[in-house]
Amino acid sequence: MSDRTDWPAVLATAAQILRTYDTGVTLRQLFYRLVAAQVLPNTTSAYKTLSARSAEARRQGTFPALIDRTRTIHRDVSFADPDEAVAWLARIYRRDRTEGQDTAVYLGVEKHGIVNQLRAWFSQYGVRIVSLGGYSSQTYVDDIAEDAATDGRPAVLIYAGDWDPSGEDIERDLAARCPVFSLVRRVALTEQQVQEYELPENPGKRQDPRANGFEARYGRLVQVEVDALPPEVLRELFAAALAEYVDTSAFEAALEQEAAERKVLDGLAG
């Protein structure tokens, strides 16, 4: 990373990007947005320097908070008395909001950091959200298959991942090893979206066993991160696809029943 980089300006731009999100953002997501904006190069050195500089700015109280999805504080829920426990249950109570829906919808992403956005945008519908993290372990594949089998309805996967040789193949691999989905629909990234949103193309990995096929299809070997998409674009892509599978009347009925049952719990808490 060049010593001539104007890091105060970089951090100011980074803070502006963070303010466009209505959810938490990981360092990785922020980095690829800066790469897409041509503020930073896509290098390990730039990523590490951004990490160090933003951490120092956060310690000084001059930079917004980022989220770390890999670490958490583990603590069991506890209560001062039964009344407090019932009041807590009343606050968090929700029915299965997919009751009455014809399809079990799974929203999938390649990157775990995007789960935070999907939960904030779509968890109100009760849909499943899965983070594949690249090629999923067989254990995770089996968990998804068991979940879909237990539900019993036709399952649909709406998916977003990187545009590169393996990123383009991940949902195919899941569908092949976990044949529970009646449809797998990729909403991002595609070559057309890369061009439409002017996302930065980085050199692809020649050692990827799917590199030759990718290059033959597109005439170049590149890697484009789904994290580089503006959040409002990614949200709209998922929302448009999800809307095709949500029965509004059934959803509203589930909400009404949930509200009535919450009142019962509120009465017990009182």
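This tour goes through the pocket and cavities of a predicted model, with a stop at one helix pair.

**The largest pocket**

Start with Thr26, Leu27, Tyr47, Ile67 and Asp68. Of the 16 residues that line the largest pocket, these lie nearest its centre. The space in this pocket is about 260 Å³. Next, colour helix H2 (27-36) and helix H3 (44-59), the elements that give two or more residues to the lining. H3 gives the most, with five residues. Colouring the lining by class shows five nonpolar, six polar and five charged residues.

**The largest cavity**

Now turn to the cavities; the structure holds two of 30 Å³ or more. For the largest, select Arg97, Thr98, Gln101, Thr103, Val105, Tyr125, Val127, Tyr245 and Val246, which line it. Its volume is about 70 Å³. Five residues of this lining are nonpolar, three are polar and one is charged.

**The second largest cavity**

Clear the selection and pick Tyr21, Gln29, Ile114, Gln117, Trp121, Val226, Asp227, Leu229, Pro231 and Leu234. These residues line the second largest cavity, which holds about 60 Å³ of space. By class, the lining has seven nonpolar residues, two polar and one charged.

**Helices H5 and H10**

The axes of H5 and H10 come within 11 Å and cross at roughly 55°. The helices are therefore oblique to each other. H5 passes H10 in a right-handed crossing.

To see what makes the contact, show side chains on both helices. From H5, select Leu118, Trp121 and Phe122; from H10, select Pro231, Leu234, Arg235, Phe238, Ala239 and Leu242. Eight of these contact residues are nonpolar, none is polar and one is charged.

Which residues belong both to this contact and to the lining of the second largest cavity? Trp121 of H5 is one of them, and so are Pro231 and Leu234 of H10.

Key: Residues numbered from 1 in each chain as written. Predicted model: local features only at pLDDT ≥ 70, side-chain atom pairs only at ≥ 80, totals over all residues. Heavy atoms only, no water. 1 Å grid on protein atoms, 1.4 Å probe; cavity = no way out; pocket = protein on both sides within 12 Å on 5 of 7 lines; lining within 4 Å. Points joined across faces, edges and corners; volume = space filled by probe spheres on them. Nonpolar A, V, L, I, M, F, W, Y, C, P; charged D, E, K, R; others polar. Axes fitted to C-alpha atoms, helices over the stretch in contact; angles between N-to-C directions. Helix = DSSP H or I, 4+ residues; strand = E, 2+ residues; numbered from the N terminus. Parallel < 35°, antiparallel > 145°, perpendicular 65-115°, else oblique. Left-handed = near helix turned anticlockwise from the far one by under 90°. Contact = heavy atoms within 4.5 Å.
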